[in-house]
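Please read each point alongside the coordinates.

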Amino acid sequence: MADFETPELKDYLEIPSIDVGSMAHSKPFVAAPNHQEALGFPGELVDDWHDKAIAKFGELLEKNRALKVYMDSCVKCGACTDKCHYFIGTGDPKNMPVARQDLLRSVYRRYFTFAGKYFPKLVGAKDLTKETLDEWYSYYHQCSQCRRCAVYCPYGIDTAEISMAAREILDHIGVGQKYCNEILGKVHKIGNNLGLPKPALVDTLEGLEEDIEEETGVVVKLPVDVKGADILLITPSADFFAEPHVDGLMGYAKVFHQAQASWTLSSYASEAGNFGMFIGSYDQMQEVSMRIRQAAIDLGVKRIVVGECGHAWRVAYSFWNTLIGPWDFLDQSYPIPQHICEYTNNLIEEDKLTFDKSLNDHMTLTFHDSCNVARATRMGDSPGGQFEIPRAVIKAVCNNFVDMAEDTIHETTYCCGGGGGLLTDDLMELRVKGGSPRMQALNEVVKDHGVTHMAAICAICKSQFSKILPKYGFEMDAIVSVHQLVSNAIILTGQITDETSDEEEMNKDEPSSGEE
């Protein structure tokens, strides 16, 4: 890994000076031929790549009317230029959203507009060359598809859609990204991003059951492949693997247990994440999602609840209906799908869960709004539910909560810096620098309000922050799951608490009947 300097946290966020080409070297590893071919893509750059790229671009323009509008409507107003976390962290002008868009737009104008075909220099039209292709691969893998720039664009141009289109073209001509494509292959073959087979999954869950029983004295099950269960939980495979993710999974299990819910996980569809969205392939997104539909049918469930994963919730909320619907075999009286935070919050509002908030008093919390949840979905039945519901859950289980600065949360939230298929160590410099705006906002509430931990409801965000927090002087475990907080505070029926332990000790000390 190349050496680089971590951006310095200051008293306030500064827009950087232009540093031309400072990230031109940054690019992820290219997918091996077997990773490409497993997804139906060419194994390496095809000989006629130029013609195939233009043809694929034309196909996408026909299929996606929004993409054509985005290609035509930019007026170079500059509203987006300082809104990208990667530009703020690197200073590379090609990480300005408008400049990143123009890498594709200049080729669009050359091959798909009258003026570009006959007067290319007048309209900024450029030929598609190998040099341009290399820039696509580099800079379209310096976009986390967070859509923050679209919030500020007066025309609503969505750079995420443009990045997705560019990546799909690259895959189509044999230049895919190793990280995303290798993971997609694991999902198709085994059912989850980690490549975790059913025996290993079951063993992991049994270990978590033992942990919960040791902690609480209550037997809480994490069931797998239970036919006839009411609820199918679809959660990111990170929840089976590492902290703080597994702590959140134990929180889900405790909530389901206390609600006396009939629920199950699926070994066939043991992954909520969908990297098909990251590479811009609706075919891949559909194929991954279809496993979830099939699992729901095979298990005969009535409803689907989605765990803490940002892009998974976006795919579920925004795409499932058209990708793999209709859902007429599910119980229509429940949201289809439903986020785990909404499920838990409903139980809280119905007074069906008991908490001891003091069990989280060792933390002062803030909350990171994950991009895909914040800008592409909703929770509950009212606008803004995706902001209000997670915070309501946190406040129900914690006494100490502080929000970060208003312009860094909600729909204007900063990305963690590792989303959009960029959570790979070969992009660590980009991830660290791209995470700097969020680290700056966190640092402010740490200094001003004594915040000790940041909660999130996205597996990628949690993994990313675990890596970059130490780079900025914070503790690695300062990132927590929302349902980790729920797990800490929830009181299960029959649970061994400090009070019940004290009572048992007192009963032991008291003389039994007839003793003097």
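1. Isoleucine 231 stands opposite tryptophan 263 in β2. Strand β1 (residues 231-234) and strand β2 (residues 263-264) run parallel and are joined by 2 bridges; two strands pair if DSSP finds at least two bridges between them. Strands (E, at least two residues) and helices (H or I, at least four) are DSSP runs, numbered from the N terminus.

2. On the basis of the values: this is a predicted model, in which local features need pLDDT of at least 70 and side-chain atom pairs count only at pLDDT 80 or more, while totals for chains, interfaces and linings use all residues. Residues are numbered from 1 along each chain as its sequence is written, and side-chain values use heavy atoms, with hydrogens and water left out.

3. Strand β1 is covered on both faces. Ile231 and Leu233 on one side, and Leu232 and Ile234 on the other, are all buried (under 20% relative accessible area, with a 1.4 Å probe and protein chains only; exposed is over 50%, partly exposed in between).

4. An open sheet is formed by 3 strands in the order β5-β6-β7, with parallel pairing. Its edge strands, β5 (365-367) and β7 (479-481), each pair on one side only. Direction ignored, neighbouring strands of this sheet are turned by 40° against each other on average.

5. Between β5 and strand β6 (residues 453-456), which run parallel, there are 3 bridges. Phenylalanine 367 stands opposite alanine 455 in β6. Helix α20 (residues 459-468) packs on the sheet and touches β6 and β7; contact means heavy atoms within 4.5 Å. The direction of α20 makes about 160° with that of β7.

6. How are helices α12 and α15 packed? Helix α12 (residues 245-258) and helix α15 (residues 340-349) meet at an angle of about 40°, with their axes 11 Å apart. That makes α12 oblique to α15 (angles under 35 degrees count as roughly parallel, over 145 as roughly antiparallel, 65 to 115 as roughly perpendicular and the rest as oblique). Tyr252, Val255 and Phe256 in α12 meet Ile340, Tyr343, Thr344 and Leu347 in α15. By class, this contact has 6 nonpolar, 1 polar and no charged residues.

7. Aspartate 425 lies in the loop between α17 (385-397) and α18 (428-434). With a relative accessible area of 41%, aspartate 425 is partly exposed. The C-alpha atoms of aspartate 425 and asparagine 346 are separated by 39 Å, the two residues being 79 residues apart along the chain.

Conventions. Axes are lines fitted to C-alpha atoms, for helices over the stretch in contact, and angles run from 0 to 180 degrees between N-to-C directions. Ala, Val, Leu, Ile, Met, Phe, Trp, Tyr, Cys and Pro count as nonpolar, Asp, Glu, Lys and Arg as charged, and the others, Gly among them, as polar.
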